[in-house]
Amino acid sequence: MTPGQRLSVTVNGTERGLAGTDPATNALDWLRGQGLTGAKEGCAEGECGACAVLVARPDGGSGTEWTAVNACLVPAASLDGQEVVTAEGLGTPDHLHPVQHEMAVRGGSQCGYCTPGFVCSMAAEYYRADRQDDTARVGSDAHESGPNGFRLGALSGNLCRCTGYRPIRDAAFALASPAADDVLALRRSDAPRPPVGTRLSGDTGTYARAADLDEALDLLTDHPDAVVVAGSTDWGVDVSLRGARARFVIGIDRLPELRRVEVGDDAVEIGAALTLTELERELAGRIPLLDQVFPQFASRLIRNGATLGGNVGTASPIGDLPPALLALEAVVVLASPDGDRQVPLADYWTGYRQSVRRPDELIRAVRIPLPLSPTTAFHKIAKRRYDDISSVAVAVALDVVDGSVRRARIGLGGVAATPVRALATEAALEGRAWTTSTVQAAAEVMRGEGTPLDDHRASAAYRSAVLGTSLLRVLADEQPERRVDA
Amino acid sequence: MTTLSRQPADPVVGQPIPHESATLHVTGAALYTDDLSVRTHGVLHAHPVQAPHAHAHVTRLDPTAALTVPGVVRVLTAADVPGVNDAGVKHDEPLFPSEVMFFGHAVCWVLADTLEAARLGALAVEVDYEPLPSIVGVREAIEAGSFQGGQPRLERGAVDDAFVAADHVFSGELDLAGQEHFYLETHCSLAHVDEGGQVFVQSSTQHPTETQQIVAHVLGLASHAVTVQCLRMGGGFGGKEMQPHGYAAVAALGAVLTGRPVRLRLTRTQDLTMTGKRHGFHAQWRAAFDGDGRIQALDATLTSDGGWSLDLSEPVLARALCHVDNAYWIPHLRVDGRIALTHKTSQTAFRGFGGPQGMLVIEDVLGRCAPLLGIDPVELRRRNFYTAGQETPYGQVVRHPERAVACWDQVRTTGELAERSVAIAAFNASHEHTKRAVAVTPVKFGISFNFTAFNQAGALVHVYKDGSVLITHGGTEMGQGLHTKMLQVAATSLAVPLSLVRLAPTRTDKVPNTSATAASSGADLNGAAVKDACEQILDRLRAVAAARLGVPGEDVRFEDGHARAAAEAPGASAASGASGASGEAEVAWADLVSEAYYQRVQLWAAGFYRTEGLHWDSTTMHGSPFKYYSYGAAAAEVEVDGFTGAYRLRRVDIVHDVGDSLSPLVDVGQVEGGFVQGAGWLTLEDLRWDDSTGSSRGRLATASASTYKLPSFSEMPEVFNVALLERATEDGVVYGSKAVGEPPLMLAISVREALRQAAAAFGPAGTQVDLASPATPEAVFWAVQQARGAGQPPHTVAVVREGSEGVGVAPERADPDGHPLRPHSEQVAAGRGD
């Protein structure tokens, strides 16, 4: 960062300065303060998507992907040097963007309040480079994928209270390919602007983005009480809903050292600052258990910001990845000025939102040991299929050799103050024949794992009950029911 | 047919046009109230101080510390109110309360230069409370005898005798949940003072006139000194019928006291914790059937959870009582209604306005009793439909009951019910862990405000010298497409192209004394008023045109943007556009208007409409409160996972009666959106209040979007077919149309009944299950467990067959591990129940 450098964001092609913006101000309030009131606040916690905007982000290769994010969650300062497009920038009432046209003519808007956010999420999927290559899906999710390759999951983070969604789906499935002269489509072939070092100070404190890992660690040493923020999908909620303010925030979401996937002989090492969306793309099916988690992890808008490191680092008992990472026996790699150290994930959390991470350490990566267990399952129990918080989450990794369970690793979320391993259940399975009677006995043990709570998401009795049925379901899925045409 | 309902040739109404603001919506150019505040200079921001008790006296309130917070300008308290310290029409809602009546009740408001300063100022206000005993649940209120308002009884026939004579008598209870509106746009008002003390409030309100009234009485002003405007709302659903007034009044009070514009916008959590919701109900019932499953009698007590103030609870309860029959003839009926006073938000209007709750009771009765009667639920429902000439329990003749049958038959045919039932049976036979079911339920919903006086509307239509038309009416736009329909009505009435007509925002200084845009009546009432105004103008233009065309006035025909002589007019040839002997062939609209101006003809008109033929006695609960009934039928198919209770909505078919649709794209959108919203109420949306005895007693535990879940894309039916009933002209309503806003919500009861049937399919044939409401995956899981013989679901009370198991022996909160399912043999129809 050069002192005195002008902080700015390019919005809809126009550079807008960030001077005078408080570091706690989120991108939504900043955009609205600029007069760009298309993006709306519906919830201020990344649940409704009414604030969605497009950001130019790396596409995994050398180009740009238009990525939809919740503007209510990210600090405006974190967009310094980046390119943003809002609903206003996609088109005007007289010159509608193709997404806007389809939404308008098909009755995709009623009250219209959620619509600019839907339009941005839909535009991101419209511009997804490999959309048209998606072959038609079959099976129970066929209705969630359009003939044009459009995946409805792209809209999983947008809520509409008026339409019932059918016309929005029809609009999405009617989209053609971008025109040859579509400016935003053409923009994809060039790289996004590189991340810049940023420092913005205001009444509440300072936002600082380090240029590299060493600078980030130096900042952390100088500010041991700093809040470390990547996608801001958790911290952003604390700021907006709970009035949290930090004297010092360190943005680590673009650190190149934290954004790599390395596949070795004995482990896959995943950079902590890769977003869930990037991770899904980079892993390309290499870890099947995680592939079961991704579509159930919050929404596309959240996955475009949330990172592996953040999901581990917040030490929440109800994160979606931790049960799976526990079942995979993941190891956390912590970086500090003294170098790296590795901590098995099962030892990482020490209590509710507590961990062994020292104030001068950053989560640099998570290592998944190889080889992987061949039989895996992830069951998230929640009220809603898209974008909900689990009542209970169960991840299972089994080695069944010659009909007998050689190894069982089970991670649980939502049953204790931290994510936990179901050690008693694992013991009840290991060394035994993989049969209904073994599984039924183990399911009884599983029912007693942890100390589930009664709360607004579920009763303790239900949580315990579905812990037990979860193993039975793994068995049933291994022995599919006879199918009939229906 | 009445002239009101007759359509001309090639009308603009009936065309499937997009929402009038669609292009503004999709580009972010449409303005909502809070978008105006960033365009306004010098705005102050308001933030509440919310009490952390369900019930308490405020013993001290000291704003001194708040005033030292940089940016804080003023703290508004009761002492600042120049008029009446009340935000409701029942005078039981102090704007600045001395007694906290619910957790989160705002005791004062802080105004500051920034929202952040206002928030910090609110944290600095010192308030001392003396906690008082509180009542949180409706069952607690019943036990404590804590009620408010009237306790109406709807009664017909010889109920007690009918129970004695019946073949089967069942009794049961049902706790049905409330619902948060969750309009995407939270409550918002922006107030400033014009010159001369005139107060101007922009508000996200469904009822600008009442907002105006409340602002005026809080400020101690006459109504003519207050103007309220609503550009549009980001959703309303009834939640902005009564609730906006207090917030508008706080903003207006702040503007008057500081001289600066004041913006009051609730955060989502403030909105969830402070504003009213759909009433949850407790229902206790006995039902008598004859040997063929015909309902003989219903005796029920419905207790709504009214929250802390009366609000709209009385009319909501009245509508619940008037819809407990749904589409069914119940010869002998006695239903008592009560409103619980609880320490919760003041429950209020919500799409359906008690109708859904009343209807759910009878559908729950039928769904639970069908297996006990040994009758297929589709057949049981159909067998009990109203037939021509029958009256509702409140004495209104049921007009067009054959339309309910038409919807029912059509949905069963187009929904391929017969074929799918076979396929579902085969699927269930071959799947141990997954079961499917399809259920069909009807809707009959009365249209009109129960309170007769509200059934009036006004409109203002301006024709400018260039021929362009500007309309204003008393209704508000919340996404339901009312403005779109009004534009179509005006273009049809004036016989001009739609492009000539514009619509100006709803304001109290344009059309006064309006009714709330509510009760699905917006298009019926305002459409007739717009049409009236247009026809007044046409009548004046007729004379001008007659002179130009050389025909008598009665032979002037307005069509297609022109005045022409009727083909059969004297002196006119058969050819279109023929004229009188001395006249022109046709006169274009703009020419005609211009000429009329020079002839000093008035080119604007105020239209008015009142619904005739309504009468209602709220004391005896008797009369004909409704102009007509809306009908519909839905078939919903679900698939339930036995491991978790999770389910998916595989297919929904709907046939719904909207008369001759004014705007089919809009109407289909209302049907689909209402259905999904209703499905949310019945399956997913789960308001949870802390009913412990701890310090957070009374707190709403689901006070954010992450804990209160609306339907998302994953809850949309995978196949969703909606048809509007054809040949359904409604006589006596504008262009033969019918209201559409509320009725489709109740079609979603089909989803709940399908879930019940799918859960039952995990047990032996004929299994009866009790399903909690909302039917969350957990609730369905317990219903599955019940079907499997593992006990009765929690939060439900079993149906009791009287005479075989005794009356009222069911536990209030059953133990899921106990209370085995009653034996199958008792489900055989076993002669007289008592």
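Q: How many Å separate the centres of domain 1 and domain 2 of chain B?
A: In this predicted model, the two centres, taken over C-alpha atoms, are 40 Å apart.

Q: Which residues make up the domains of chain B?
A: Domain 1 covers 22–28 + 456–610, domain 2 covers 38–134 + 181–274, and domain 3 covers 281–442 + 628–827.

Q: How many residues of domain 1 of chain B are in contact with domain 2 of chain B?
A: 14 residues of domain 1 of chain B are in contact with 18 residues of domain 2 of chain B. On the domain 1 side, 4 are nonpolar, 7 polar and 3 charged.

Q: OK, on to confidence. What is the mean pLDDT of chain B?
A: The mean is 93, and 94% of the residues of chain B reach 70 or more. For the model, ipTM is 0.96 and pTM is 0.95.

Q: Where does pLDDT stay under 50 in chain B?
A: One such stretch is residues 572–576 of chain B, with 10 contacts beyond four places in sequence. Residues 804–834 of chain B also have pLDDT below 50, and that stretch has 59 contacts beyond near neighbours in sequence.

Q: And how should predicted coordinates be read where pLDDT is low?
A: Where pLDDT is low, the predicted coordinates should not be read in detail.

Q: Switching to the two chains. How many residues of chain B are in contact with chain A?
A: 70 residues of chain B are in contact with 71 residues of chain A.

Q: Which elements of chain B give two or more residues to that side?
A: They are α1 (22–27), α9 (268–274), α14 (417–430), α18 (664–684) and α20 (777–787) of chain B. The largest share, 8 residues, comes from α18(B).

Q: What classes of residue does the side of chain B that touches chain A have?
A: That side has 31 nonpolar, 27 polar and 12 charged residues.

Q: Back to α18(B). At what angle do the axes of α18(B) and α19 of chain B cross?
A: They cross at roughly 35 degrees and come within 8 Å; α19(B) is residues 749–760.

Q: Which residues make the contact?
A: From α18(B) there are A679(B), L682(B) and T683(B), and from α19(B) there are I749(B), V751(B) and R752(B). By class, the contact has 4 nonpolar residues, 1 polar and 1 charged.

Q: Now sheets. What is the order of the 4 strands in the open sheet with mixed pairing?
A: In chain B the order is β19-β18-β17-β24. At the edges stand β19 (501–503) and β24 (604–610) of chain B, each with a single partner strand, so one side of each has no neighbour in the sheet. On average, neighbouring strands are turned by 25 degrees against each other, direction ignored.

Q: Do β18 and β19 of chain B pair in the parallel or antiparallel sense?
A: Strand β18(B), residues 469–473, pairs with β19(B) in the parallel sense over 3 bridges. In that pair, I471(B) has L503(B) of β19(B) as its bridge partner.

Q: Which strands does helix α15 of chain B lie across?
A: Helix α15(B), residues 482–494, lies across β17 (456–463), β18 and β19 of chain B, and runs at about 145 degrees to β19(B).

Q: What about the open sheet of 3 strands in chain B, what is its order?
A: The order is β4-β2-β6, with antiparallel pairing. Strands β4 (99–100) and β6 (126–131) of chain B are at the edges with a single partner strand each, so one side of each is left without a neighbour in the sheet.

Q: How many bridges join β2(B) to β6(B)?
A: There are 6, and the two strands run antiparallel. Across this pair, R60(B) stands opposite D128(B) in β6(B). Strand β2(B), residues 56–62, also pairs with β4(B) over 2 bridges, in the antiparallel sense.

Notes
Residues are numbered from 1 along each chain as its sequence is written. Chains are lettered from A and ligands numbered from 1 in the order in which they are written. This is a predicted model: local features need pLDDT of at least 70, side-chain atom pairs count only at pLDDT 80 or more; totals for chains, interfaces and linings use all residues. Two residues are in contact if their C-beta atoms, placed from the backbone, lie within 7 Å. Ala, Val, Leu, Ile, Met, Phe, Trp, Tyr, Cys and Pro count as nonpolar, Asp, Glu, Lys and Arg as charged, and the others, Gly among them, as polar. pLDDT is the predictor's confidence in each residue, from 0 to 100. Axes are lines fitted to C-alpha atoms, for helices over the stretch in contact, and angles run from 0 to 180 degrees between N-to-C directions. Two strands pair if DSSP finds at least two bridges between them. Domain bounds come from an automatic or database domain assignment.
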